[in-house]
Amino acid sequence: MHPDGSPSICQENQFDQVYHDHIQVLYNFIFYKCGNKELAEDVVQEAFIKLWENCAKVSPEKARAFLFTVARNTFLNKVSKTNRKLKFEQESLKYSQVETPQFLLEQTEFEERLNSAINQLPENQRTVFLLNRIDQLKYREIAELLEISQKAVEKRMHKALLQLRKLHKNI
Amino acid sequence: MDDFLKYDDTFLARWVAGELSAEELKQFEQHPDFNYYIQLIEKTGEFQIEKVDSTRLLRQIKSKRSIKTAAPVKKLNRRYILMATATLLILIIGYQVFFKTQTTNIETSFGVQIAETLPDGSSFNLNAHSKLQYDKDGFIDDRILTLEGEAFFEVKEGRSFIVKTKSGTVEVLGTSFTVYSKDGVLKVACKTGKVKVTNQKGDNTILSPGERVFSIDGKMKNKENIQISSIASWKNGTSLFVSEPLWLVAKSLEDHYGIKIQLNSNQNEELFSGGFVHNDLDEALRSVFAPMGLKYSEKQKGNYIIE
């Protein structure tokens with residue numbers, strides 16, 4: 001039992017539950033940063049291993065914040081070690097879209113331009129934008145995970161949309 | 001003219017979150033790029049990312065984890081302990097419990113119907129003995145509901161509106177329609193607009209007004225034309241059926257009146273067209289079974305046998 005009374009992540013089934021609750025959004029978060037699957041998987045794995053190592057001290061409610069903090073640090077470490085600027089790979093973010101009943105041909109061209117524009121966004125803006133649009137996280141939630149203010153998140157989001165508009169015109 | 005988007009550096013973020021005042025919204029609607037942003041938000045609202053292979057990853061994590069924790073205790077060095085402590089401190093400072101999405105659960109018991117509005121302005125009528133779930137805060141961004149039973153939806157024009165059931169998914173953009181899902185049977189009828197129905201097997205069809213489709217145990221039938229006035233008639237006190245299997249009609253009787261019906265005849269699959277009122281059980285039973293040449297009798301209180 002965790003000191004504050006909640007179930008302990010040291011229990012296998014609790015750990016599994018926490019894993020399944022956060023794996024996709026954690027992976028997405030790192031993936032949005034670098035567009036590299038292997039790197040994202042590496043970082044995510046290390047984050048969960050650290051979580052296990054600290055399982056007695058982290059309650060399930062605090063797990064996501066813990067994972068994100070560790071993931072961010074791990075990511076920075078890896079990037080600085082390899083000493084090369086990770087260029088966000090063009091075309092690496094492909095989205096499978098839910099089919100809609102509207103069959104408008106003009107949509108396809110718009111979508112392609114959009115994909116391309118998203119890939120070209122600065123990392124800070126892209127991460128916030130995608131965490132909001134794809135993972136459905138609110139600005140407050142993103143702020144907590146990135147350890148910045150909610151206003152800062154909103155500013156990044158605003159800039160992301162402006163930038164997307166600009167890029168869309170130029171593609 | 002100065003572009004206000006250059007000066008208000010959170011405007012677009014607040015717009016996406018639905019937090020603009022009515023005046024701000026009006027101002028934005030005049031902006032030359034307004035339509036682009038609408039399209040942008042619609043498109044990205046539909047995007048999904050490739051799911052990570054979580055099972056494989058978990059296995060890898062567990063194998064690496066065992067190796068680490070199997071290491072002798074003396075390997076735990078000070079630096080590691082310090083980092084763990086620092087991490088803990090960060091967590092202690094100001095984190096609330098979060099990430100619990102608020103699921104709104106709406107359930108009707110026998111004979112009860114409910115009509116309500118959704119956060120986006122769409123509305124639904126929930127028929128008797130049915131259950132509806134959705135995330136109240138997230139609904140504005142993601143119009144998804146889970147349904148067991150029957151409901152009629154009037155969907156405001158906007159982003160994708162999705163109703164998930166055990167037997168399939170119904171997706172629309174601005175329309176009105178009914179969804180019935182119980183015991184492996186999915187029945188969807190379109191009243192206005194356009195509706196796309198996909199069953200668990202991935203078979204799908206698109207319904208126009210007056211069209212209705214059944215998917216039973218994973219098999220999607222051909223869609224049929226039915227009278228539009230019969231769609232969701234139950235909202236107004238009479239349940240109407242157009243060429244539907246008798247056992248389905250019997251189930252509806254059970255849901256409205258809270259009775260149990262045992263169909264002993266060999267006519268369970270016979271198609272019934274007609275209806276029953278909600279305020280008179282005997283009249284209701286008569287109007288369903290008499291035209292089929294069947295008699296009903298009450299064996300115990302609330303239990304009926306049809307033969």
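## The disulfide

Search the whole structure and you'll find 1 disulfide over all chains, where a disulfide is a pair of cysteine sulfur atoms within 2.5 Å. This is a predicted model, in which local features need pLDDT of at least 70 and side-chain atom pairs count only at pLDDT 80 or more, while totals for chains, interfaces and linings use all residues. Residues are numbered from 1 along each chain as its sequence is written, chains are lettered from A in the order in which they are written, and side-chain values use heavy atoms, with hydrogens and water left out.

The partners are Cys10(A) and Cys55(A), with sulfur atoms 1.9 Å apart. They sit 45 residues apart and link distant parts of the chain: Cys10(A) lies in the segment before helix H1 (12–34) of chain A, and Cys55(A) in the loop between helix H2 (37–53) and helix H3 (60–82). Helices here are DSSP runs of H or I, at least four residues, and strands are runs of E, at least two, numbered from the N terminus. The torsion about the S-S bond is about 95°, so the disulfide is right-handed.

## Cysteines and cover

Cys10(A) is partly exposed at 32% relative accessible area, but Cys55(A) is buried at 8%. Buried means under 20%, exposed over 50% and partly exposed in between, using a 1.4 Å probe and protein chains only. Cys34(A) is buried too, at 2%, and Cys190(B) is buried at 0%.

## A look at chain B

Chain B has 8 helices and 20 strands. Of its 307 residues, 48% are buried.
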